[in-house]
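I opened my notebook today to look up a few things in this structure, one entry at a time. Come along and check each entry against the picture.

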Amino acid sequence: MESAIHTLHEFMFRTETITYLIIVAALFAITGFWLFLTGRDEE
Amino acid sequence: MSEDTATIGKSYFTPFNIIAGLIVIMGLVLTVIRFTGGLAATTNLSDYNPWGLWIGFDLLVGVALAAGGYVTSAAVYLFGMKKYHSAVRPAILTAFLGYALVVLALHYDVGRPWRLPYPFIVQQGTTSLLFEVGACVALYLMVLFIEFTPVPLEWLGFKHARNLVVKLTLLLTVFGVVLSTLHQSSLGALFLIAPSKLHPLWYSPYLPVYFFVSSIIAGLSMVIFESTLSFRFFKHKMDESHSAEKDTIALGFGKAASFVLAGYFIIKVIGISAGNQWHFLTTNYGLWYLVELLGFVALPCFFYAVGVRDKNVTLIKWTAFWTVIGVVINRFNVSMIAFNWHLPSSERYFPHWMEIGISVFIVTVGLIAFKFIVTRMPILYEHPEYKDAH
């Protein structure tokens, strides 16, 4: 259940937290994707 | 000689010529109506919707799909990927024609063509993004024209002039990349002025970045798509190296497109997160946004990757076509479908048939010019006098 946002601080705290988590996950994901994409380059 | 003889005996009434001829006649009639009757006679534009199909398709899509020029020349001349060299001339030609037609199409939307140089010589308006877009497009069109000139110069036999222009290649490529980076992103930035009109899922402070990154995807995909069509319709004009390199180009550009699509997908998700727009995803517009994001970004990203891994060129070609459609949908969404989303349906914009007719006419003019040049000039083959001159 999403709680209400009342202040700019709450907004920034929530969005920045989620965004930074997504960025960390994305860095791992895109590294994995690169390995998948280039996995058969040597063959 | 034998080819000339064959041409003499050939009828000009081919299906392509007949259809293209009819479209050109229709386009010329609509042009007269547009320039004598004004926008009201030919468009459904209004104060709410001042930009319609001629901006959304002819300009935004035209510029994005012409990005193959700077993407390919940067890959070959700046990053030294010489194995893609045979893609440069078709890409430059497509870009040159694309930008020339963008300028032509802009006349229909803006009107009063004699005022085209006004931003440069009468009133600059240097604080306007439109000035920056106008300046970049004008300069880049000139750059593309000069980049293209070795082709007609080889065809006409002007060896010295051709060699002089070829020496400018690196400089022109750098100019092309700089100008493209500027105006591709600025086209997205134009919509930053309308945060209340563009749907929050499409509106983002990162719009300029989205437009620039998606232009790279469009450019890479268009090169693959266009080389597929060229091989289908102009195979007889291709020399051995062009025919042999087309699969290498598809695999290499497919790989690049896949990786850029992955990055584009990530920054789009980050954009939703930074704006805290998640709750819109469950609305009707949200579903349409997911169709664009999953169907035309994530899906081609995956199919490109599978195609590259399996060396499945057919899959890559179809994915390129799908991706091109995705870029068209994205530009339509930003400029028309998700624009003025809060208005009642009676106030929403749908293009007049004459607007569609003019757009079809302009695309047809491009196809005719492309066919005329490719069948006569050294685009898909090396001129015999300049073989291995690169």
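**Entry 1: a loop residue to start with.** I began with B:Lys311, which sits in the loop between α14 and α15 (313–337) of chain B. A reminder to myself: this is a predicted model. I looked up the backbone of B:Lys311 and found a positive phi of about 55°, although the residue is not a glycine. Is B:Lys311 buried or exposed, or something in between? I counted 13 C-beta neighbours inside 10 Å, and B:Lys311 therefore counts as partly exposed; exposed would need 12 or fewer.

**Entry 2: another positive phi.** Next I went to the loop between α13 and α14 of chain B, where I found B:Asn276. Its phi is near 55°, again a positive value in a residue other than glycine. B:Asn276 has 17 C-beta neighbours inside 10 Å, so I wrote it down as partly exposed.

Entry 3: I found 19 other C-beta atoms within 10 Å of it, which makes B:Gln277 partly exposed. The cut-off for buried is 20 or more, so I checked this count with care. Which residues does B:Gln277 touch, not counting those up to four places away in sequence? My list reads B:Pro200, B:Leu201 and B:Ile272. I also took a distance from B:Gln277 to B:Leu78: the two are 199 residues apart along the chain, and their C-alpha atoms are separated by 39 Å.

**Entry 4: a lysine in a helix.** I moved on to B:Lys268, which lies in helix α13 of chain B. Is this lysine buried or exposed? It has 24 C-beta neighbours inside 10 Å, so B:Lys268 counts as buried. Setting aside neighbours within four places in sequence, I found B:Lys268 in contact with B:Tyr210, B:Leu293 and B:Val297. I looked at B:Lys197 too: it is 71 residues from B:Lys268 in sequence and 19 Å from it in space, C-alpha to C-alpha.

**Entry 5: stepping back to chain B.** I counted 16 helices and 0 strands in chain B. The C-alpha atoms fill a box of roughly 65 × 55 × 40 Å along the principal axes. What radius of gyration does chain B have? It is 21 Å, and a compact globule of 390 residues would have a value near 21 Å, so the two agree. Of the 390 residues, 43% count as buried. I also looked at contacts between residues at least 6 apart in sequence: 81% of them join residues at least 24 apart.

**Entry 6: the core.** The largest nonpolar core has 100 residues. I noted the residues with the most contacts inside this core: B:Leu65, B:Ile217, B:Leu220, B:Ile224, B:Val260 and B:Leu261. Which helix gives the most to the core? It is α12 (residues 207–233) of chain B, with 12 residues. I then picked out B:Ile217 and left aside its neighbours within four places in sequence. Its contacts are B:Ala257, B:Val260, B:Leu261, B:Tyr264, B:Thr323 and B:Val327.

**Entry 7: where the chains meet.** Chain A has 1 helix and 0 strands, and buried residues make up 5% of its 43 residues. How many residues of chain B are in contact with chain A? I found 14, and they contact 15 residues of chain A. On the chain B side, α13 (240–275) and α14 (284–309) each supply at least two residues. Helix α13(B) gives the most, with 10 residues. By class, this side of chain B divides into 8 nonpolar, 4 polar and 2 charged residues.

**Entry 8: two helices side by side.** Helix α1 (residues 8–38) of chain A packs against α13(B) at an angle of about 170°, with the axes 9 Å apart. Angles over 145 degrees count as roughly antiparallel, so α1(A) and α13(B) are roughly antiparallel to each other. Among the residues that make the contact are A:Ile22, A:Phe33 and A:Trp34 of α1(A), and B:Phe259, B:Ile266 and B:Val269 of α13(B).

Key
Residues are numbered from 1 along each chain as its sequence is written. Chains are lettered from A and ligands numbered from 1 in the order in which they are written. This is a predicted model: local features need pLDDT of at least 70, side-chain atom pairs count only at pLDDT 80 or more; totals for chains, interfaces and linings use all residues. Helices (H or I, at least four residues) and strands (E, at least two) are DSSP runs, numbered from the N terminus. The radius of gyration is taken over C-alpha atoms; the globule rule is 2.2 Å times the number of residues to the power 0.38. Two residues are in contact if their C-beta atoms, placed from the backbone, lie within 7 Å. Ala, Val, Leu, Ile, Met, Phe, Trp, Tyr, Cys and Pro count as nonpolar, Asp, Glu, Lys and Arg as charged, and the others, Gly among them, as polar. A nonpolar core is a set of buried Ala, Val, Leu, Ile, Met, Phe, Trp, Tyr and Cys residues joined through C-beta atoms within 7 Å. Axes are lines fitted to C-alpha atoms, for helices over the stretch in contact, and angles run from 0 to 180 degrees between N-to-C directions. Angles under 35 degrees count as roughly parallel, over 145 as roughly antiparallel, 65 to 115 as roughly perpendicular and the rest as oblique.
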